[in-house]
Amino acid sequence: MTSIAGYGVYIPRYRIKIHEIARVWGADGDRVSKGLMINEKSVPGFDEDSTTIAVEAARNAVEHSGVNPKDIGAIYFGSESPAYSVKPTASIIAEAIEASPNMTAADIEFACKAGTAGIQMCMGLTKSEMIKYGMAIGADTSQGRPGDALEYSAAAGGAAFIIGQRGIADIEGTFSYTTDTTDFWRREAEEFPSHGARFTGQPAYFKHVTSATIGLMERLDLEIRDIDYFVPHQPNGSFPLKVGKTLGFETEKIMPSLKVPYIGNTYSGSSMVGLAGVLDVAKPNERILMTSYGSGAGSDSFSILVTDLIEEKRNKKTLDSYIKDKKYIDYAIYAKFKRKIKGVSMG
Amino acid sequence: MAVKGLPASWRKIPQRYNLIGDECKTCGERFFPPVTICPNCRRTGSLERYKFSGEGEIFSYTVVRAAQEGFDFQIPYFLGIIKLKEGPLVISQIVDSDPEEIDIGKKVKTVFRKVREDGSDGVIRYGYKFILDR
Amino acid sequence: MRKVAIVGIGITKFGELWEMSYRSLAAEAGLKAVEDAGLSGDEIDALYGGTMTPGLFTDGQEHGGPLLADAAGLTGIPSTRIEAACASGGAALRQAYISVGSGINDIVVAGGVEKMTDVLTPSATFALMGAGDQKWEGFYGVTFPALYAMMARRHMYEYGTTEEQMALVAVKNHANGSKNSNTQYPFKVTLDQVMNSTPIADPIKLLDCSPITDGAAAVILASEDKAKELTDTPIYIESSGMATDTLALHDRKSLSRTDAAIKAGKDAYKLAGITHNDVDLAEVHDCFTIAEILAIEALGFCNIGEGGKFTEEGETEMGGKIPVNTSGGLKAKGHPVGATGIAQAVEITEQLRGEAKARQVDGAEIALTHNVGGSGATCVVHIFKRRN
């Protein structure tokens, strides 16, 4: 059975409170924070980008899995904030975990679900025995236009999963739902993404997440009661709860993965970081249903059954350890770190 | 645009990404950065690739407030001479840390970070830096 | 090896000399030295020019040998650029000394020049980092103040040296420099001023640092016979010691000790047949205040680790056990890197000739220069004597 051999997360240390961002734009911090259900978001340090986040997550995954990196035959990096437009990040990761050179690697783009598309690609390659292990990473240092609603949520973080044949959690099946729905996008060479505001909700996020989730449950003949944790993509705190409710999931099945109030939306990292957080605490035979969402638009849903192996292979670098290790910065430092001050650069 | 030092940076990827140095099989000393010849054994030395753990402690440190070209927007930044667990001393930035936390003897470990960017259209050079092992 | 003496000295004003170019600085120092030696110029057999990196400090210009000879009106003679970072001047002096001592040449110019203010400070900082290890230090944003700061931090940690003791080096050298008309900063500073100056790389503050300086210096060396024909006050170079250490600071055996200086000093003392007790005054490489403390320890004027205390007790002041940096040192006089080693020899020559006026160390017979390249990867020590 296709299985998760190991995983790793990484969240940068810096945080900015939603209130601090609201202060700059004269908004009511309480109202914004409550509406989005986000208290604070992670901010990449001056010298961090989606590559460095991916490498840290990938190294944590290798350490957790105990896999020889030379046995990783494929690395797929999903992000909407890659450091280079042309030049793969996946090859940098491959070198940094010493998986190269006898392997394949590529960067994938599908807004916030590129990382889960990578998991599916790794599933195919491992199941067909073309490779022994594959690694899929979702990582972002998301951009939000200053003053835009996205600025309150666009955060930084990532997760890496090593897919193989026997591991801590078996992937029972996957189902995808894809349409041409342009709810959020960034044109080539544009610095910030644009979005369709409320159009990103019902016809986009909700439609795709519910369709993929229902599609997978039907395919695997699963009922709500068979599922212990539901991990949807987390653009904010309210969408996951709302979509869960629509699907019939009890709030307590969603809460364990809902870390967006403490770290914000990690975009390509989002659902994968949520899954990692659940795997940190899940017990053998518990079933996790993860559904990603990528604008433009599509969802990948996965049914994951935790195996006995998880008890002897607990991940020491838990998501919570990254969430707890934090340092608050103000908007001025945030603006410097994110190069929002004109002229500020690294070289 | 042609970029300065591209091949030179590329040659150092094993060192900068993964702290690959040398171990002399004759005298047992480990070296980072790698050496071209074992300074103890010279012709009788036998160097082999050795990967350092990245763990160590602060041997000395400073806060740079007047930067070198290209580091202007990072001030103030910490630099440390780190004594690696396996012996050698190495220099790099200590990041994500507050002044009151930094001291000689504090335990550190490596992280993977951007070190330099050759302008907005040039290559990004990644490498090891250190964070406190909290 | 035959005896070699200094028969002529020349030095420009040190400072931010906006009107002066690399070439005009070199020419001025060279011509002054030739004039001081009473030569026409035709007698000069060869030139050794110490310069660190005119290319990075100015406009890409290299090929210093012919450039310097040309600038000084000496086109045609063998002329070699000597580069040993901030010890380029000292290394050029050593080559000139060897060339005359060996008998190949009779009269030789040893010069040093650097024009550092044609570029902005970050570029100069980058150029100076060429004296360290660009690949393993400079790459990570290391600056020279940072390297010396980390040496200072170890010295403080291992020996209890204080920031005040380091600051006292600046106070003393500025006091000396205030009596020297060539000095970039000819004014006194107080302990408070040094302690409260802008932090650069903790614990190093602005007034712990030598400045960025334009300047040139030259000395004329002659064989003993020629020297006696030319002057009544030849100043003999008794010995030259030079040693190297690892390029990168982190590869050294110790951060709180300068082994190349210890070795160069030991060799120089041995060749001159003297000990540190015989030295009446010294010009040492105080690019940062901690560097002077490291220097006086390496040269044996005090024990290793006691340089701070020795300074605090006033032993390196005028009238102390061993006056150090009577010229004002690099700290007050300025530090045009390639010229510094030669400028040290100019000061020593003035002192041993008895021409140092307000800075004169009475009865000075034997003196020493200590010139460092990088964070200690090169050290050149010369010992000078008034009487043969």
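Colleague: Which element gives the most to the lining of the largest cavity?

Modeller: In this predicted model, the largest contribution to that lining comes from α1(C), with five residues. Two or more residues each also come from β2 (46-50), β4 (107-114) and β7 (215-223) of chain C, alongside α1 (22-36).

Colleague: What makes this space a cavity and not a pocket?

Modeller: A cavity is a set of points where a 1.4 Å probe fits but cannot get out, whereas a pocket is open.

Colleague: Which classes of residue make up the lining of the largest cavity?

Modeller: There are 13 nonpolar and four polar residues, and no charged ones.

Colleague: What lines the second largest cavity?

Modeller: About 70 Å³ of space lies there. Its lining has 14 residues, with Tyr148(C), Thr258(C), His370(C), Val372(C) and Gly376(C) nearest the centre. The largest share, three residues, is supplied by α11(C). By class, nine are nonpolar, five polar and none charged.

Colleague: Which classes line the largest pocket?

Modeller: The lining of that pocket has 17 nonpolar, 16 polar and 16 charged residues. The pocket has a volume of about 1,500 Å³. Of its 49 lining residues, Ser81(A), Pro82(A), Ala83(A), Gln143(A) and Arg186(A) are the closest to its centre. Strands of two chains take part: β6 (133-141) and β9 (184-185) of chain A and β7 (107-117) of chain B each supply at least two residues.

Colleague: Why is the pair of Tyr14(A) and Phe337(A) called edge-to-face?

Modeller: Two such rings pair if their centres lie within 6.5 Å, and planes over 60 degrees apart count as edge-to-face. Here the centres are 4.9 Å apart and the planes stand at 70 degrees, so the pair meets both conditions. It is one of 24 aromatic pairs over all chains.

Colleague: Why is this pair said to tie together separate parts of the chain?

Modeller: Tyr14(A) belongs to strand β2 (residues 14-17) and Phe337(A) to helix α13 (residues 331-337), so the pair joins parts that are 323 residues apart in sequence. Both residues are buried.

Colleague: What makes Tyr205(A) and Tyr293(A) an edge-to-face pair?

Modeller: Their ring centres are 5.6 Å apart, with 75 degrees between the planes; since the limits are within 6.5 Å and over 60 degrees, the name applies. Tyr205(A) lies in helix α6 (residues 201-220) and Tyr293(A) in the loop between β12 (287-291) and β13 (298-306), 88 residues apart. Both are buried.

Colleague: Why is Lys17(A) described as sitting over the ring of Tyr328(A)?

Modeller: The charged end of Lys17(A) is 4.3 Å from the ring centre, and the limit on distance is within 6 Å. Arg16(B) lies over the face of Trp136(C) at 5.9 Å, so that distance also falls within the limit. Trp136(C) also belongs to one aromatic cluster whose members include Phe32(B), Tyr128(B) and Tyr140(C).

Colleague: What confidence does the predictor give the complex?

Modeller: The complex has an ipTM of 0.96 and a pTM of 0.96. Chain C averages a pLDDT of 97, and 100% of its residues score at least 70.

Methods: Residues are numbered from 1 along each chain as its sequence is written. Chains are lettered from A and ligands numbered from 1 in the order in which they are written. This is a predicted model: local features need pLDDT of at least 70, side-chain atom pairs count only at pLDDT 80 or more; totals for chains, interfaces and linings use all residues. Side-chain values use heavy atoms; hydrogens and water are left out. Rings of Phe, Tyr and Trp (its six-membered ring) pair if their centres lie within 6.5 Å; planes under 30 degrees apart count as stacked, over 60 as edge-to-face and the rest as tilted. Helices (H or I, at least four residues) and strands (E, at least two) are DSSP runs, numbered from the N terminus. Buried means under 20% relative accessible area, exposed over 50%, partly exposed in between (1.4 Å probe, protein chains only). A charge sits over a ring if NZ of Lys or CZ of Arg is within 6 Å of the ring centre and within 35 degrees of the ring normal. Ala, Val, Leu, Ile, Met, Phe, Trp, Tyr, Cys and Pro count as nonpolar, Asp, Glu, Lys and Arg as charged, and the others, Gly among them, as polar. On a 1 Å grid over the protein atoms alone, a cavity is a set of points where a 1.4 Å probe fits but cannot get out, and a pocket is an open set with protein on both sides within 12 Å along at least five of seven lines; lining residues have an atom within 4 Å of a point. Grid points are joined across faces, edges and corners, and a volume is the space filled by probe spheres set on the points. pLDDT is the predictor's confidence in each residue, from 0 to 100.
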